[in-house]
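Here's a quick briefing to read with the model open beside you. Have a look at the fold first, then work through the points.

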Amino acid sequence: MSSQPPITPSPPAQAKTRLPGIFLVVALLLLVAYVTYNTATGERGSSTGPAAGTAMVQFAAPLVDSSLEGDVNVTQRDGASGTSRAACDLRGSEILNSCQLVRGNPAALVFINSSQGRCAETLDQVIRAATKYRKLRVAAVVIAGERSEAQKLVANHGWKIPVAEDRDGALANLYGVAVCPQIVYLRAGGVVDGVSVGEVSGAELNSRLRALEGSG
């Protein structure tokens with residue numbers, strides 16, 4: 001998609017989390033290490049993700065199987081100014097656009113890492129469960145890691161859903177991801193319906209998805 005401009009980071013003033021130079025690298029490593037540790041040990045961390053009833057953080061992220069490279073754009077439409085392009089205005093076949101994801105349909109947004117394990121297995125679980133709900137959409141975001149590893153993961157699991165890359169962890173930070181996996185349930189239009197942190201039972205997942213389908 002040669003006509004699509006690169007996705008560049010331009011977070012809203014209220015959500016800026018990036019640090020220049022080496023501090024950005026250190027911050028990313030700490031975030032990834034924290035998520036990895038909590039995932040490996042089963043700790044839920046201090047975050048429960050975005051609060052129910054709040055608006056989702058809008059974003060446009062490159063898909064892991066695309067040729068598009070860059071950080072996630074998290075410029076909120078309401079806060080866009082100057083020459084910045086709001087995330088929801090960036091469209092294309094190589095982009096996971098959050099506003100398109102929830103346009104007219106509820107969605108389950110699953111944050112995972114690029115490794116085999118419970119995070120990938122949870123995404124499999126969500127995809128299987130979602131087949132029972134006609135309106136529901138599912139998408140995933142891979143936090144940091146090598147894109148090649150994320151591509152292998154997608155291929156090995158045969159995922160047909162949109163799987164995006166959050167290469168610097170900024171989107172995971174804004175969604176309060178402390179443990180992988182994290183599932184954010186979004187009503188049609190983008191209001192947060194709830195969050196599951198860590199592994200989720202089949203009964204809880206089906207209950208969440210059933211309620212989400214009814215909301216949309």
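On the face of α4 turned away from its buried side, you'll find the exposed residues Ala155 and Asn156. Bear in mind that this is a predicted model.

**Helix α4**
- The helix runs over residues 147-157, and its buried residues are Arg147, Ala150, Leu153 and Val154.
- These four span an arc of only 115 degrees around the axis, so they sit on the same side of α4.
- What do the buried residues of α4 pack against? Their partners are the strands β1 (60-62), β3 (107-112), β4 (137-143) and β5 (163-166), plus the helix α3 (118-130).
- Just past the end of α4 comes Gly158, with a positive phi of about 65 degrees.

**α3 meets α6**
- α3 also pairs up with α6 (residues 202-215): their axes come within 10 Å and cross at roughly 50 degrees.
- As for handedness, the crossing of α3 past α6 is right-handed.
- On the α3 side, the contact is made by Gln125, Val126, Ala129 and Ala130, while α6 brings in Gly202, Leu205, Asn206 and Leu209.
- Sorted by class, that contact of α3 with α6 comes to 5 nonpolar and 3 polar residues, with no charged ones.

**Gln58, a loop residue**
- Gln58 sits in the loop that links α1 (21-41) to β1.
- Is Gln58 buried or exposed? Its relative accessibility is 17%, and the cut-off for buried is under 20%, so Gln58 counts as buried.
- Leaving aside residues up to four places away in sequence, Gln58 touches Asn73, Val74, Gln76, Arg77, Ala87, Cys88, Ser98 and Cys99.

**The whole protein**
- In total there are 6 helices and 7 strands.
- Going along the sequence, they follow the pattern α-β-β-α-β-α-β-α-β-α-β-β-α.
- The protein has 216 residues, and 51% of them count as buried.
- How much of the contact in the protein comes from residues 24 or more positions apart? Taking contacts with a separation of 6 or more, such pairs account for 74%.

Definitions and conventions. Residues numbered from 1 in each chain as written. Predicted model: local features only at pLDDT ≥ 70, side-chain atom pairs only at ≥ 80, totals over all residues. Heavy atoms only, no water. Buried < 20%, exposed > 50% of the residue type's maximum accessible area, 1.4 Å probe, protein only. Helix = DSSP H or I, 4+ residues; strand = E, 2+ residues; numbered from the N terminus. Arc of directions from axis to C-beta. Contact = heavy atoms within 4.5 Å. Axes fitted to C-alpha atoms, helices over the stretch in contact; angles between N-to-C directions. Left-handed = near helix turned anticlockwise from the far one by under 90°. Nonpolar A, V, L, I, M, F, W, Y, C, P; charged D, E, K, R; others polar.
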